[in-house]
Amino acid sequence: MKIIISGGSGLVGSRLIPMLLQQGHMVVNLTTNKSLTNVSKNGSVNSYWNPTKNEIDINQLSGIDAVINLAGYSVANKWTDANKDIMVRSRIDSTRTLVSALSKHGITPNVFISASAAGYYVASDKPMAENAAAGIDFLATLTKDWEAELEPMKQTAVRLVVMRISVVLDANEGALGKMIPFFKLGLGSAVGSGKQLVSWIHLDDLCGFILHAINTADVKGVYNLASPQVLTNKAFSAGIAKALHKPFFLPNIPTFIIKIIFGPMSALVLQSRNLDSKRLTNSGYTLQFSSIDSALSHIFAPKK
C-alpha cells in the first residue's frame, strides 16, 4: 500500500513508520522542513507541506491507499496562551489541509485514520464509552474541534477511523518518559489524592491497532485506545517503581503544589480519565499488553 502520514517524527509516528516499512508499504512522511524533502534514511519518502498555508504536494497524494493523521503539538507543553494556540492550530490546520486536499482533488483512499484524545470526555471516574458526552474545558474543546475537521470525510466512501488515545507508555517520551528520571532516583510518588484514574496504552499496541485498522474493513468510527486495566494514579505510580526496582514510600505530592508548578496543565495528571475499551477489544485486535506489569516489564527490559 501507499500510505501518507502526518506527524511521522513524533512519538507514535517514529515507531509506526518502521513497522509499516517492514510490512512492505510505501510511506510518504509529510514534513514542514523543506531540507528534509528527499528519501529518508529509513526508506520512507519525505514530502514538504505547510498546513498553516494549506499547502501540500498533490502529486504525493496520488494513488494513496491510506492516510494516518498524527500531527499535533504536544499538550504536555506548558499551557501558555501562545502554546495553546499552537496546540489548536497544529491539529486543526493539519487535519483541514489533508481533508480539503482529498476532497478538492477527488482522491479517495481506502481508509483515513486520525488521532484524537481521551481529553474529549468529561473528566470523571465513570467509564466513558465512545458515545459519551464531550467535556467543555480546554482539552475537550480542542479535541471536539479537531474531530469536527473530519466531518467531510463522513460524506465520502473513505473508511474513517478516529482514535481517542489515552496515556501512551514509552520509556523515552510522553508522560512516562518525563516521570522515569524521578523514579530512578527513588523520588517517585503519587500526585494529588492519588485516587484519580489513569487510562493507558503501550506504544506498541497503539501502533498495532493502526496496522490492524489499515487492513480490517470492519474497523471504522471512533475507538478508545486504552487497556482494559484502568488504574488509580497511586497504583500507576507504584507500578513504575516496582518495574524499576525502586522504593515507593514518599507521600503524595499535594494538589496545590502541582497547580503552582504546572498551572492549568495540571489537569493532565489531577483529573480522572476512565476510558471504556470494549469497542477496541471487540474490533478483533488483541492487545499485547493488557496489564501495567506486562507493559512496564517490556518497556524496562534490558535491550539486546
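Helices α1 and α6 are oblique to each other in this predicted model. Their axes come within 10 Å and cross at roughly 55°. The crossing of α1 and α6 is right-handed. Helix α1 covers residues 11–22, and helix α6 covers residues 203–215.

Now look at the side where they touch. From α1 come Leu-11, Val-12, Arg-15, Leu-16, Met-19 and Leu-20. They meet residues of α6, including Leu-203, Asp-204, Cys-207, Gly-208 and Ile-214. By class, this contact has 11 nonpolar, 1 polar and 2 charged residues.

Next come the charged pairs. The whole structure has 7 salt bridges. One of them joins Arg-96 and Glu-149, with the closest N and O atoms 2.7 Å apart. This pair links distant parts of the chain, 53 residues apart. Arg-96 sits in helix α3, while Glu-149 lies in the loop between α4 and β7. Arg-96 is partly exposed at 41% relative accessible area. Glu-149, at 17%, counts as buried, because the cut-off for buried is under 20%.

Arg-164 pairs with Glu-147, and here the closest N and O atoms are 2.8 Å apart. Arg-164 belongs to strand β7 and Glu-147 to helix α4, so the bridge ties together parts 17 residues apart in sequence. Arg-164 is buried at 3%. Glu-147 is buried too, at 12%.

Finally, find Lys-278 and Asp-276. Their salt bridge has its closest N and O atoms 3.3 Å apart. Lys-278 is exposed at 54%, whereas Asp-276 is buried at 16%.

Key. Residues numbered from 1 in each chain as written. Predicted model: local features only at pLDDT ≥ 70, side-chain atom pairs only at ≥ 80, totals over all residues. Heavy atoms only, no water. Axes fitted to C-alpha atoms, helices over the stretch in contact; angles between N-to-C directions. Helix = DSSP H or I, 4+ residues; strand = E, 2+ residues; numbered from the N terminus. Parallel < 35°, antiparallel > 145°, perpendicular 65-115°, else oblique. Left-handed = near helix turned anticlockwise from the far one by under 90°. Contact = heavy atoms within 4.5 Å. Nonpolar A, V, L, I, M, F, W, Y, C, P; charged D, E, K, R; others polar. Salt bridge = Lys/Arg side-chain N within 4 Å of Asp/Glu carboxyl O. Buried < 20%, exposed > 50% of the residue type's maximum accessible area, 1.4 Å probe, protein only.
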